[in-house]
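Please open the model in your viewer and keep the selection panel at hand.

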Amino acid sequence: MARWTLEARARLCRHKCRQDALAGRAGAAAPVRPAKFARGADGRGGRRAVAWAATRLAGCAAAFHPGGVQLFFASTSPFARKVRIVAHELGLWERITMVEIDPWTDGRLRAMNPLAKVPTLVRDGGEPLYDSAVICDYLDACAGRRLIPQDGERRWRALRLQALAADACAAAGRLFAGERRGEPEPARDRLARAVEATLDSLEGEPLAGDAPCLAEICAALLPGYCDFRWPDRDWRAGRPRLAAFTAAMAARASFQATRHRLAAGT
Ligand SMILES: N[C@@H](CCC(=O)N[C@@H](CS)C(=O)NCC(=O)O)C(=O)O
């Protein structure tokens, strides 16, 4: 790539990083520049800094031109909601075309994802991505700031809570469907216990709604999904810390913009 192009891209990248820092999104860690691209103590190493910026931009950022990235989602899906919240928190919301789809009836999805599940992310010039964890990882890598801690205990905590939320939301979804179908209670009991035990375990987590990373976003998914599916059931009783945390997260713009709702005709 011509040197002037690299420099222009690096300038753009530095400008974007500065804007992100000024926007001061709580909890967003600055991207860490690998040692091989570091400036020397004498301030030299501009070329290495330029190469670093270009490295970060190469690959994924190129897809984010208008219409270049499409996210297929359903407004009832907690997995799709997680990805949309992450996109919002990372400042990528405006750069992704959101396509609402019914995964059970719309044949288009299977051509992109053999499992025909939402969320599915379609990228210009790249393979489709699916599974919400993979898509979140991709968006996080593209954004130039991180919601997924890259190392240390914070990382394992975030990934653990992501796994917990995913399986608990899947259990809640199956429980809701089983209730609607009138399945006998013993068949639903194990699912109900998984949901209740997960809510109990979240009550014991040290969660704060003011500086969320992936851990907090995931921790707020199941309570939000329970409110949507069972508005008359009081999961808050006996769980005051989780209730306060959920209220703080629900007030965020990213959670407001992605509230669960029934699709038209359901
Ligand atoms: N592990 C997947 C689960 C996605 C998932 O189960 N999505 C549901 C909606 S909540 C779906 O599309 N179901 C359609 C189907 O199973 O046919 C993820 O994390 O993205």
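The shell around the ligand comprises 9 nonpolar, 3 polar and 2 charged residues; here Ala, Val, Leu, Ile, Met, Phe, Trp, Tyr, Cys and Pro count as nonpolar, Asp, Glu, Lys and Arg as charged, and the others, Gly among them, as polar. The model is a predicted one, in which local features need pLDDT of at least 70 and side-chain atom pairs count only at pLDDT 80 or more, while totals for chains, interfaces and linings use all residues. Residues are numbered from 1 along each chain as its sequence is written.

Select Ser77, Phe79, Pro103, Lys117 and Ser132, which come nearest among the 14 residues around the ligand (a residue is near if its C-beta atom, placed from the backbone, lies within 6 Å of the molecule). Helices α5 (132-143) and α6 each contribute at least two residues to this shell; helices are DSSP runs of H or I with at least four residues, and strands are runs of E with at least two, numbered from the N terminus.

Next, select strands β1 (residues 69-73) and β3 (residues 120-123), an antiparallel pair with 4 bridges; strands pair if DSSP finds at least two bridges between them. Phenylalanine 72 has threonine 120 of β3 as its bridge partner.

Proceed to β4 (residues 129-130), which is joined to β3 by 2 bridges and runs antiparallel to it. Leucine 129 in β4 stands opposite leucine 121. In the hairpin of β3 and β4, with 5 residues between the strands, glycine 125 has a positive phi near 70°.
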